[in-house]
Amino acid sequence: MTVNMTNININEIIDRYQKANNKIIFLDYDGTLVPFNKDPLAVFPDEDLLNILDKISSNKNTVLVLISGRDYEIFDKWFKGKPYQLICEHGVFIQNRKGEWDAQINEAVEWKYNIRNIFEEFISKFKGGFIEEKPFSLVLHYRACKEKHIDKHIDKVVNELRLYTENTSLTLLRGDMVVEVKPNNMNKGIAAKKYIGEKNFDFIMAIGDDITDEDMFRELPENSITCKVGDKDSIAKYRIKDVIETRELLRKMI
Ligand SMILES: [Mg+2]
């Protein structure tokens with residue numbers, strides 16, 4: 001069961017953190033470190049956030065990993081030369097030590113044509129929706145749709161997509177005001193496990209708000225500190241209220 005994180009929990013976590021020898025922290029970006037915005041490009045990392053991330057990654061024996069569904073090009077721009085590790089598109093792109101991006105899958109992307117048609121039909125009916133294309137995935141954003149009962153219309157889109165993606169190597173993600181279709185052989189959990197495999201970490205923490213972060217919570221070892229941001233169902237151990245509380249927790253870990 002997920003419990004609300006208390007000050008006692010925070011003190012225990014910090015105590016464990018200080019005593020550990022090899023530490024790794026996985027942080028989701030949207031909805032975890034920055035609040036949501038209708039325009040995904042508007043939520044760039046602010047001074048306060050960069051300051052927190054810089055300081056945590058300069059803590060002794062700490063690996064800091066930003067793990068996001070975002071397009072790698074935007075993270076490349078925002079976090080160029082930063083000392084932390086970057087994983088984008090739910091694990092499809094991992095930045096290596098030289099700062100280059102390694103694609104973890106190499107698949108034909110012809111499927112995009114059909115998925116795009118389904119998304120475009122939705123957009124032609126409902127103002128405010130838009131499609132984001134990433135190298136290996138397609139995303140429908142509908143946060144800005146003002147239409148009443150938009151979820152019902154999205155249910156229809158999802159049903160149609162389900163028919164199309166069933167028994168294929170594609171997976172359908174329904175996130176917070178987004179629907180994404182991507183190959184199913186990579187997710188945040190698989191990507192996080194890759195990192196864990198490298199070293200013997202005795203402190204593992206992961207914080208995230210979305211359904212895609214559940215893959216990460218599930219794959220991490222039992223003694224990991226998993227934290228869900230917001231009030232949605234989760235398999236995480238702890239629950240944090242919002243972005244402000246996430247930042248407060250991280251600030252205490254500096
Ligand atoms: Mg998120």
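Is Asn-167 buried or exposed? Asn-167 is exposed, with a relative accessible area of 80%. Here, exposed means over 50% relative accessible area, buried under 20%, and partly exposed in between, with a 1.4 Å probe and protein chains only.

The model is predicted, so local features need pLDDT of at least 70 and side-chain atom pairs count only at pLDDT 80 or more, while totals for chains, interfaces and linings use all residues. Residues are numbered from 1 along each chain as its sequence is written, and side-chain values use heavy atoms, without hydrogens or water.

Most residues other than glycine have a negative phi. Asn-167 is not a glycine, yet its phi is positive, about 55°. It lies in the loop between α5 and β9 (170–174). Helices (H or I, at least four residues) and strands (E, at least two) are DSSP runs, numbered from the N terminus. His-149 also has a positive phi, about 50°, without being a glycine. It is found in the loop between β8 (137–141) and α5 (150–165). His-149 is exposed, at a relative accessible area of 57%.

Helix α2 (residues 47–57) packs against helix α8 (residues 243–253) at about 35°, with the axes 9 Å apart. Axes are lines fitted to C-alpha atoms, for helices over the stretch in contact, and angles run from 0 to 180 degrees between N-to-C directions. Asp-48, Leu-49, Ile-52 and Ile-56 of α2 meet Arg-247, Leu-250, Arg-251 and Met-253 of α8. Contact means heavy atoms within 4.5 Å. By class, this contact has five nonpolar, three charged and no polar residues. Nonpolar covers Ala, Val, Leu, Ile, Met, Phe, Trp, Tyr, Cys and Pro; charged covers Asp, Glu, Lys and Arg; polar covers the others, Gly among them.
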